[in-house]
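Here is a short briefing on one helix pairing and its aromatic rings. Look at the structure first, then read on.

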Amino acid sequence: TNDFNEVYMGTINSTIEYFKNISTEHAIAMLVALATVIVFLVFSRFISFFILKLVIPKQKQKKIKGTGLYRDLKIVLELSGIYIGIRILYLTPEQDAFWAKIYKLILYWGIANIISGAYDIKDEFIEKVTNSKVNYSTRDKFSSEASKKIVRVVCYIGAFFLSCKLYDINIEGLATGLGIASAIVALAAQNFVKELMAGFAIFSD
């Protein structure tokens, strides 16, 4: 923790020194970086909307923009623009490495959110591909909800372990955490298993 704080404070201090001793070349780089960030901030909403409109064309604009998937796509694009803007600046290798780690950390969790959010619109996507309405029975609804929870848990566990690896955190001692994660997955799948067993019972009768 102390090492991380030293690196963090050192990065902040070196960044402050960078702005104190800025040259014309650096000033131009800053303007280009700022323009890049503004472009991403402006167009991220349009790109996110366009992507979702391709997948779920029947949904209205207001409903698409109200989804968590739209929000997550927009945030990831905006942060990508900020990161690209930072990379344009003449930073030291240490600063580059610091911001690269921050961006990767955000990206891991952002992608996990996008994947889990994409599961929420799978019905609309299936309807687009098959050109027919998806009708779920009660049992199908249970299994769909269980599958959604499992996908979400798996995505977040993956993001967590990638984050640990990124910062060289020893994950060998997280075996207990794996046991807890397994329990969460089992709990999420509980309704699905109950319905499955009931189905086998009806079939056998």
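Rings of Phe, Tyr and Trp (its six-membered ring) pair if their centres lie within 6.5 Å; planes under 30 degrees apart count as stacked, over 60 as edge-to-face and the rest as tilted. By that rule, a search of the whole structure finds five aromatic pairs. This is a predicted model: local features need pLDDT of at least 70, side-chain atom pairs count only at pLDDT 80 or more, and totals for chains, interfaces and linings use all residues. Residues are numbered from 1 along each chain as its sequence is written, and side-chain values use heavy atoms, without hydrogens and water.

**Aromatic pairs**
- Y83 and Y103 are stacked, because their ring centres are 4.2 Å apart and their planes lie at 0°.
- Y83 sits in helix α4 and Y103 in helix α5, so this pair ties together parts 20 residues apart in sequence.
- Both Y83 and Y103 are buried (under 20% relative accessible area; exposed is over 50%, partly exposed in between; 1.4 Å probe, protein chains only).
- F98 and W99 form an edge-to-face pair, at 5.2 Å centre to centre and 80° between the planes.
- F98 counts as buried at 12% relative accessibility, while W99 is partly exposed at 30%.

**Helix packing**
- Helices α4 (residues 68-88) and α5 (residues 93-118) pack at about 165°, with axes 9 Å apart.
- Helices here are DSSP runs (H or I, at least four residues), numbered from the N terminus.
- Axes are lines fitted to C-alpha atoms over the stretch in contact, and angles run from 0 to 180 degrees between N-to-C directions.
- α4 and α5 are therefore roughly antiparallel (over 145 degrees).

Key
Helices (H or I, at least four residues) and strands (E, at least two) are DSSP runs, numbered from the N terminus. Angles under 35 degrees count as roughly parallel, over 145 as roughly antiparallel, 65 to 115 as roughly perpendicular and the rest as oblique.
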